[in-house]
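The structure comes first, then the points by topic.

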Amino acid sequence: MSSQSFDYTVADFNYIEHPDGPQRLRLFMPVGTGPFPVIAAVHGGAWCNGDLTDNEARDLALAKAGIAVAALNFRHAGAGYPASSIDINYAIRWLKAHAAKLNLRADKVGISGQSSGGHLAMLAAMRPADPRYAAIPSPDGPDGNKVDASVACVVMQWPVINPLSRYRNAKALQASGSPPAWVGDIPDRHDLYWKTEAAMEEGNPMLILERGEKVALPPALWIQGRPVDGPHDYRDPVGNQDVNEPERFIRNYRKAGGTIEMAEVAQADRAAESIQPTLDFFRRHLT
């Protein structure tokens, strides 16, 4: 892909309808001949907060570089697991089913997510054909009955890759009497979305690999703020892990046969500093 700067358009679509209303995506679209690769972008917020506007600076940077971005809203909070995964799975199929009309490449779809969105992005990448996540029939469109929810690659920005260990870590810090500020209502958000620790264990990319489940392993990038990121860069308080969670997951992913890279950025300005490695990775894997 060239280094030219593209103009872009922005358009909103209701990509899925639920009894309580539609879920929307915002498509940042390069202006040019195309067709263009596209990223499904998943916001963070501890599975309970946030929306499709959260990472607009990154989304615009990708669009200006010739990569379309579909920033997603999806059911979260009290809707519970696996509602978010169902919507994300459907959104990927929706993009592929409408690729020709939207000037997108159905064979060049990536996914990106930040914090809990990074968890959801990796879960979607690993389990594109999970019957629970793909429970809603394929979308209308000329290729709706031919598409699947597989992705070509995945970028995670400081993901909550192990919801169960993060829950345990936050609870232990909460019980200490002087928890760091980040703990806040994190345990409550886990409880609202996940309901049970059993669900945190099941929908868990770290433990999926350690259980030896057969899953898709597309090329991946983990972007991590350093030197200190308490909510995402810690050691599981249960068990005898010899590394923090980012290194533990990377080791597991490679052991399972996947390719994954790590990019470290300054924690103090991580949102801005993560844009370039995200762009570089998607350029390599979607062209």
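A residue counts as buried under 20% relative accessible area, as exposed over 50%, and as partly exposed in between. Lys171 has a relative accessible area of 37%, so this residue is partly exposed. The model is predicted.

**Lys171**
- Lys171 sits in helix H5, which covers residues 163-175.
- Val183 lies 12 residues from Lys171 in sequence. In space, the C-alpha to C-alpha distance between Lys171 and Val183 is 8.3 Å.

**Cavity count**
- The model has two cavities of 30 Å³ or more.

**Largest cavity**
- The largest cavity holds about 40 Å³ of space.
- Its lining consists of Ala41, Val42, His43, Asp51, Leu52, Asp54, Asn55, Arg58, Asp59, Ala71 and Leu72.
- Three elements each give at least two residues to the lining of the largest cavity: strand E3 (36-42), helix H1 (56-64) and strand E4 (68-72).
- Five residues of this lining are nonpolar, two are polar and four are charged.

**Second largest cavity**
- The volume of the second largest cavity is about 30 Å³.
- Around the second largest cavity are Pro159, Val160, Ile161, Asn162, Trp222, Pro231, His232, Tyr234 and Glu245.
- By class, the lining of the second largest cavity splits into six nonpolar residues, two polar and one charged.

Definitions and conventions
Residues numbered from 1 in each chain as written. Predicted model: local features only at pLDDT ≥ 70, side-chain atom pairs only at ≥ 80, totals over all residues. Heavy atoms only, no water. Helix = DSSP H or I, 4+ residues; strand = E, 2+ residues; numbered from the N terminus. Buried < 20%, exposed > 50% of the residue type's maximum accessible area, 1.4 Å probe, protein only. 1 Å grid on protein atoms, 1.4 Å probe; cavity = no way out; pocket = protein on both sides within 12 Å on 5 of 7 lines; lining within 4 Å. Points joined across faces, edges and corners; volume = space filled by probe spheres on them. Nonpolar A, V, L, I, M, F, W, Y, C, P; charged D, E, K, R; others polar.
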